[in-house]
Amino acid sequence: MQNSALNVKGLWPSLLTLVLLILFPIILPQFYVYILAVIFVTALLAMSLNLLVGFGGLFQFHHAAFYGVGAYTFALTVTKAGWPIWLCFLVSPFAAALAGFLIGWFCVRLTSLYFGMLQISLGSLLWAIAFRWYSLTKGDDGIHSIPIPGFITSKTSAYYFILFFFVICLVVMYRIYKSPFGVTLQAIRDNPARCSAVGINVRRHQLTAIVIATFFAGVAGVLFVILEQSVFPDLLFWVLSLEIFIMCLLGGWFTFTGPILGAAITVSLRTFVGIYTEYWTLILGVILILLIFFLPEGVMGFFAQKFGRGRNKSTAPAREQHAES
Amino acid sequence: MLKVEKVYKSFDKFLAVNGADLTVEKGQLVAVIGPNGAGKTTLFNLITGMLKPDRGRVVFNGEEISKLPPHDICRKGIARSFQIATIFPRLTVFKNVQVAVLSQQKKSRTLFRPADSMAVEETNRILADVGLLEKADDLAGALSHGDHRILEIAIALGNEPRMLILDEPTAGMSPDETSSTMTLIKRLAETRGLTILFCEHDMDVVFNTAQSIMVMHYGKTIVQGKPEDVKNNVEVQDAYLGGADA
């Protein structure tokens, strides 16, 4: 496999990282294992968003809505419907994808910012449902102590469970990113009119991308419930959408792995700076400002430029680099 | 092969195309000329489905295409380039063309196969044909202006069109680049059996290459015919050439 964005020297760094991640629960205190699991869930969500923002050029401003749909579907099918757990697990991402399809169907008719405005309003509608429909969702209180199978209730086993699905999703997303579908999606990002002139049905392509991305957001939602065993309306709130949007920009939205880095930075800040002050977002804000000035393509984007873009590195033109400060 | 019949298009009461007619025979090199704002680009947009005509018909190979969306018209065998080079700046030159080739092979929606191994031969053949093969791995956004224009044409070739529509293919080029580009276009027309419709400001280029010339003025077709006939047409001289030659 020709790897470019995932790693530089073949598969070894990825495998090494994976082994390390598998060993972590043995060497690290429980608390850090939990934080890592949070990072994986958030990173998966951010990456699913980046599929649209970074690779599709679609301003999916309210992506968390689908994360919430996945989480709530899982919580409700487990507690209310009483379906077998594997079925709930399977159904939830599809529910998120269905919501993505319905909202996306309207949104792809618009372009750029108008797309974003409609998307944020329709997404907020989902939040309103979760917030207001008390008899079903318990509104603001949320649903807690969701019963999940015994083998994933401990934080360590939940960690492995989440890591397993995170890696699977990562590989699948990477293949999509490298596939003709992914390349075409990037071409649409760069120039939709040109794409329709080469025979590509732009709207249909974008809608497919939205369905795929919301599916992965749904998976992330399920993993959240596995980890926390509760759901609440904040999962579909626009603030979270903004946060994951920032993660994509922070990590580097034109790189494949950037959002993981963005998620790791944001979650760590929230956890470790959050201990000292509730105004940890202030620090995030300062970082963001510095980022815009010095690393406009994000942290990962900066390294990708600096060390070449995979197979194109030898011939890729050296672009203006104004990050030496 | 292509017939445009009495096509009208207005924007906010401004008649950009005001009853244009155009006939393109198979294998011909046809030029559309006219002063700035004559409606040449609008006409091309109407043919390729980027805009829908208010009235009139566009017929391609006996089939009316005026109501089809751009991607369907492309599938019928009409590919185009744009006046302002519209490439995919963040993709490599190779991928720019590959996107079109994949679309032509109906593989754009393939999800789980690496694109790196698909349509490589076809893409490289096109790049070699237009002389961009050495730059295949460069980012398209970093190419020179002249190469942008060539890449435009290469993307259009990715669709294996029967007819190629070029909107000012040599705009902004140096005289050297212009002549080499026109040579390229003529060669492509011959080797690939392409029918080519283009518009151009450089009169020398037009009268040296085109087999048929259509003159547009204020959105109307004044005349279409062989270069000699067009040159001698009184109305054309009044509207356009007179000013240019004087």
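This is a predicted model: local features need pLDDT of at least 70, side-chain atom pairs count only at pLDDT 80 or more; totals for chains, interfaces and linings use all residues.
Me: Which residues of α5(A) are buried?

Reply: The general idea comes before the case. An α-helix has 3.6 residues a turn, so residues three or four places apart point the same way. In α5(A) the buried residues are A:Phe115, A:Gln119, A:Gly123, A:Leu126, A:Trp127 and A:Ala130. They lie on the same side of α5(A), because they cover an arc of only 105° around the axis.

Me: Which exposed residues are on the face turned away from the buried side of α5(A)?

Reply: That face of α5(A) carries A:Leu113, A:Tyr114, A:Leu125, A:Ala128 and A:Arg132, which are exposed. The buried residues of α5(A) have a cover that includes α3 (64-81), α4 (85-107) and α6 (134-137) of chain A.

Me: What do the buried residues of helix α12 of chain A pack against?

Reply: Take the length again before the packing. Helix α12 of chain A, residues 258-273, has 16 residues and reaches 22 Å, close to the 22 Å expected. Its buried residues include A:Gly258, A:Ile260, A:Ala263 and A:Val267. The buried residues of α12(A) pack against α2 (30-53), α11 (238-251), α13 (280-294) and α14 (298-306) of chain A.

Me: Now the two chains. How many residues of chain A are in contact with chain B?

Reply: On the chain A side there are 28 residues, in contact with 39 residues of chain B. Helices α7 (155-178), α8 (180-190), α9 (192-197) and α10 (202-228) of chain A each supply at least two residues of the side that touches chain B. The most comes from α8(A), with seven residues. By kind, the residues of that side of chain A divide into twelve nonpolar, twelve polar and four charged.

Me: How do I read a sheet in chain B, and in what order do the six strands stand?

Reply: The six strands form an open sheet in the order β6-β7-β8-β3-β9-β10 of chain B, and the pairing is mixed. The edge strands β6 (78-81) and β10 (220-225) of chain B each pair on one side only. From one strand to the next the twist averages 15°.

Me: Which way do the residues of β6(B) point?

Reply: In a regular strand the side chains alternate between the two faces of the sheet. In β6(B), B:Ile78 and B:Arg80 point one way, B:Ala79 and B:Ser81 the other way, and all are buried.

Me: What is the order of the four strands in the other open sheet?

Reply: The order is β2-β1-β4-β5 of chain B, with antiparallel pairing. Its edge strands are β2 (14-24) and β5 (63-64) of chain B. Helix α1(B) packs on this sheet, touching β1 (2-11), β2 and β4 of chain B, at about 65° to the direction of β2(B). Helix α1 (40-47) of chain B also lies across β3, β6, β7, β8 and β9 of chain B, running at about 150° to β7(B).

Me: Last, a single residue. What is B:Ala100 in contact with, leaving aside its neighbours within four places in sequence?

Reply: Its contacts are A:Val198, B:Ile155, B:Gly158 and B:Asn159. B:Ala100 has its place in helix α3 (93-104) of chain B. B:Ala100 counts as buried because 34 other C-beta atoms lie within 10 Å, where the cut-off is 20 or more.

Notes. Residues are numbered from 1 along each chain as its sequence is written. Chains are lettered from A and ligands numbered from 1 in the order in which they are written. A residue is buried if 20 or more other C-beta atoms lie within 10 Å of its own, exposed if 12 or fewer, and partly exposed in between; C-beta atoms are placed from the backbone. The arc is that of the directions from the helix axis to the C-beta atoms. Two residues are in contact if their C-beta atoms, placed from the backbone, lie within 7 Å. Ala, Val, Leu, Ile, Met, Phe, Trp, Tyr, Cys and Pro count as nonpolar, Asp, Glu, Lys and Arg as charged, and the others, Gly among them, as polar. Two strands pair if DSSP finds at least two bridges between them. Axes are lines fitted to C-alpha atoms, for helices over the stretch in contact, and angles run from 0 to 180 degrees between N-to-C directions. The expected span of a helix is 1.5 Å times one less than its number of residues.
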